[in-house]
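Here is a walk through one protein chain, taken region by region. Keep the structure open and follow along.

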Amino acid sequence: MKLPIFTVDAFTAKAFHGNPAAVCLLENKLDEDMHQKIAREMNLSETAFIRKLHPTDNFTQSSCFGLRWFTPATEVPLCGHATLASAAVLFYKMKNVNSTLTFVTLSGELTARRAQDGIILDLPLYPTHPQDFHEVDDLIKTAIGDTLVQDIRYSPDTRKLLVRLSDTYKRSFLENLKVNTQNLLQVENTGKVKGLILTLKGEPGGQSQAFDFYSRYFAPWVGVAEDPVTAFQCSCRGGELEISLRPDGRVDIRGGTAIVLEGTLTA
């Protein structure tokens with residue numbers, strides 16, 4: 001078996017920054033268990049698999065493909081940065097001639113379109129609801145101790161817990177915050193929470209660029225201790241997203257990419 005495979009840094013224009021994803025091009029059907037084995041071997045937060053939907057399709061001319069995402073531990077229903085990485089491989093390495101690509105996924109049809117300064121993804125927007133602090137008190141205290149919390153929201157569609165830290169904190173606080181992910185699986189094992197987002201209100205622009213918010217994302221429940229990019233990302237790799245809420249209940253996310261590795265997977 002020989003498969004074309006790439007590593008793409010997403011939501012950045014610089015190599016070795018942003019959020020890395022592996023992208024694998026499937027000319028033929030892959031054994032089901034092989035997806036997870038490859039993702040485990042690549043050992044990135046996500047590995048994306050692009051597949052042809054029809055025998056006559058090709059990666060240069062066709063505009064619609066199947067797309068799946070795997071962490072080292074499991075398949076996930078949606079991944080933005082690995083979708084951006086997949087579009088970058090098709091646009092820039094396979095020289096796909098279309099201005100818009102459609103991906104058929106577990107989260108429905110997603111599109112990626114060329115833009116002057118990157119690629120724009122059309123993704124679903126999932127609502128959040130107020131979350132009673134006492135129901136998740138143990139989880140939050142395990143993760144961030146006595147850090148002050150301003151608001152908590154929960155998305156039942158994605159099973160993500162969104163924790164807004166106090167506005168008294170600055171960006172540097174979130175960047176340097178030590179988050180205990182090792183014990184989260186023991187504290188929350190009901191299946192209700194599959195991801196923890198810590199977010200902080202952005203600061204007005206001065207000499208540096210202004211951002212609406214900063215965030216960090218943790219998902220040990222699916223084998224990802226910390227994802228490198230989820231807004232302006234305060235991880236050591238950094239990363240920037242331009243997000244636009246649309247009136248039709250979806251969201252556009254613009255980002256750049258850097259393809260840092262190209263090779264052949266053999267097994």
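What covers the buried residues of helix α3? The cover includes β10 (149–155), β11 (160–165), α5 (184–187) and β12 (195–201). Keep in mind that this is a predicted model.

Now look at α3 itself. The helix runs over residues 137–144, and its buried residues are Asp 137, Leu 139, Ile 140, Ala 143 and Ile 144. They cover an arc of only 165° around the axis, so they sit on the same side of α3. Just after the helix comes Gly 145, with a positive phi of about 65°.

Helix α2 is the next stop. It takes in residues 80–93. At 1.5 Å a residue, its 14 residues should span 20 Å; the end C-alpha atoms are 19 Å apart, which agrees. α2 is mostly covered, with 11 of its 14 residues buried. Among them are His 81, Thr 83, Leu 84, Ser 86, Val 89, Leu 90 and Phe 91.

Next, the nonpolar cores. The largest nonpolar core has 37 residues. Ile 50, Trp 69, Leu 90, Phe 103 and Ile 119 have the most contacts inside this core. α2 gives the most to it, with 8 residues. A second, separate core has 23 residues, including Ala 143, Ile 144, Leu 200 and Phe 211. Ala 143 and Ile 144 are also among the buried residues of α3.

Leaving out residues up to four places away in sequence, Leu 90 touches Leu 25, Ile 50, Phe 59, Phe 65, Lys 95, Asn 96, Leu 101 and Phe 103.

Lys 95 lies in the loop between α2 and β6. Its phi is positive, about 55°, although Lys 95 is not a glycine. Most residues other than glycine have a negative phi. Is Lys 95 buried or exposed? Lys 95 is exposed, because its relative accessible area is 56%, and the cut-off for exposed is over 50%.

Asn 96 is in the loop between α2 and β6 (100–105). Its relative accessibility is 1%, so Asn 96 counts as buried. Beyond four places in sequence, the contacts of Asn 96 include Phe 59, Thr 60, Gln 61, Phe 65, Leu 101 and Arg 114.

Phe 16 is another residue with a positive phi. The value is near 70°, and Phe 16 is not a glycine. Phe 16 lies in the loop between β1 (2–10) and β2. At 63% relative accessibility, Phe 16 counts as exposed.

Move on to the loop between β2 (19–26) and α1 (32–42), where Glu 27 is placed. Glu 27 has 46% relative accessibility, so it counts as partly exposed. Leaving aside neighbours within four places in sequence, Glu 27 is in contact with Lys 52 and Phe 59. The side chains of Glu 27 and Lys 52 are joined by a polar contact of 2.4 Å. Gly 195 is 33 Å from Glu 27 in space, C-alpha to C-alpha, and 168 residues away in sequence.

His 35 belongs to helix α1. Its relative accessible area is 4%, so His 35 is buried. A polar atom of its side chain lies 3.4 Å from the backbone oxygen of Asp 31. Not counting residues up to four places away in sequence, His 35 touches Leu 26, Leu 30, Phe 49, Arg 68 and Phe 70.

Last, the cysteines. How many disulfides are there? The count comes to 0. Cys 64 is in no disulfide; the nearest cysteine sulfur is that of Cys 24, 19 Å away. Cys 79 is in no disulfide either, and the nearest cysteine sulfur, again that of Cys 24, is 15 Å away. A disulfide needs the two sulfur atoms within 2.5 Å. With 24% relative accessibility, Cys 64 counts as partly exposed. Cys 79, at 5%, counts as buried.

Methods: Residues numbered from 1 in each chain as written. Predicted model: local features only at pLDDT ≥ 70, side-chain atom pairs only at ≥ 80, totals over all residues. Heavy atoms only, no water. Helix = DSSP H or I, 4+ residues; strand = E, 2+ residues; numbered from the N terminus. Buried < 20%, exposed > 50% of the residue type's maximum accessible area, 1.4 Å probe, protein only. Contact = heavy atoms within 4.5 Å. Polar contact = N/O pair within 3.5 Å; in protein donor to acceptor, adjacent residues only side chain to side chain. Expected span 1.5 Å × (residues − 1). Arc of directions from axis to C-beta. Core = buried A, V, L, I, M, F, W, Y, C linked by side-chain atoms within 4.5 Å.
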